[in-house]
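Subject: Handover of a structure

Dear colleague,

Please find below the structure that I am handing over to you.

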Amino acid sequence: MENMKDTVVVYGCFDGVHQGHIAVAKKAVEIAKEKGLTSVVVSIPKDGKVLSTEEEKEYLFKGKGVQEFVSCPSDNMAEKAFVKDILVGKLGAKVIVVGETHANVEKVTEAAKEAGAEVVVCEAVKAEGEIITTEWVKQAFDDMDFDRIFEICGHPYIMIGEVEHGKALGRTVGMPTANLGVEEDKLKPPSGVYATSVKIDDEVFKSMTNIGKRPSVDDYDYVTIEAFILDFARDIYGKRIILGVRHFVRGVQKFDNLEQVQKQVQKDIEKVREVLESVAE
């Protein structure tokens, strides 16, 4: 971070990366191309559980053309000092792009001017006449309305993690699964079965994912994220994958025997295929 120069910077928490955040980042990319500068997103992590991890933010913003991503705690620094010392001083900002709903546009503009940088204010993005906010994303998440999340974010609710060795219990019902390890602070959807997508390297596959404890197969008191990738047979242990949650299929059920589990699994797979045929890409 120390030696960056000639940049266009956007900064904020960006939890639940939505279309408003993406619009500000795209404006920075556009200005950077026009002026021959480098586009940078500065993410200020929040404490506690998050809708978007820092890795997920980087993935989403770089997917929109942002060149550099910096995760930088503000340490409760005053906004004017953060603008002058960090954004301009350390990151070499020539232009700072903020959304029109930014709480301190005037302070940012004043601090940037004093430090010799320009501020560009980006118009807020609306849906149904209202400005999209992180609170909207959180409400949709709490409602398990993943179509709504796709609508206001422009992408599915994603979880990025490494495929870990699990207990291989999926094989007992004819469906070997990818056991996904995600960050501790990542908000996981409520326990149940979901229609999902899995991105591995640059390929996207349809999948069915079980999130939660597994009352029919063991008594361990922990939550797992296990994705059964449809029509897929490769060794992906150790790979980092992007799981996109598209639709809630059903809650957790307790079955009496393996045969019942296998029958339900087949029903779930049929439902997942049906759902994924109809959701937006």
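Predicted model: local features only at pLDDT ≥ 70, side-chain atom pairs only at ≥ 80, totals over all residues.

Residues are numbered from 1 along each chain as its sequence is written, and side-chain values use heavy atoms, with hydrogens and water left out.

Helix 4

Helices (H or I, at least four residues) and strands (E, at least two) are DSSP runs, numbered from the N terminus. In helix 4 (residues 105–115), the buried residues are V105, V108, A111 and A112; buried means under 20% relative accessible area, exposed over 50% and partly exposed in between, with a 1.4 Å probe and protein chains only. These four lie on the same side of helix 4 because they cover an arc of only 135° around the axis, the arc being that of the directions from the helix axis to the C-beta atoms. E106 and K113, on the other side of helix 4, are exposed. The buried residues pack against strand 1, helix 3, strand 4 and strand 5 (118–122), where contact means heavy atoms within 4.5 Å. Just after helix 4, G116 has a positive phi of about 90°.

The second largest pocket

On a 1 Å grid over the protein atoms alone, a cavity is a set of points where a 1.4 Å probe fits but cannot get out, a pocket is an open set with protein on both sides within 12 Å along at least five of seven lines, and lining residues have an atom within 4 Å of a point. Grid points are joined across faces, edges and corners, and a volume is the space filled by probe spheres set on the points. The second largest pocket has a volume of about 550 Å³. Its lining has 29 residues, with F14, H21, G99, T101 and H102 nearest the centre.

The second largest cavity

There are two cavities of 30 Å³ or more. The second largest cavity holds about 80 Å³ of space. It is lined by 14 residues, and L51, S52, H155, Y157 and I158 are the closest to its centre.

H247

H247 belongs to strand 13 (residues 240–250) and is partly exposed, with a relative accessible area of 27%. Its contacts, not counting residues up to four places away in sequence, are F146, V193, Y194, A195 and V275.
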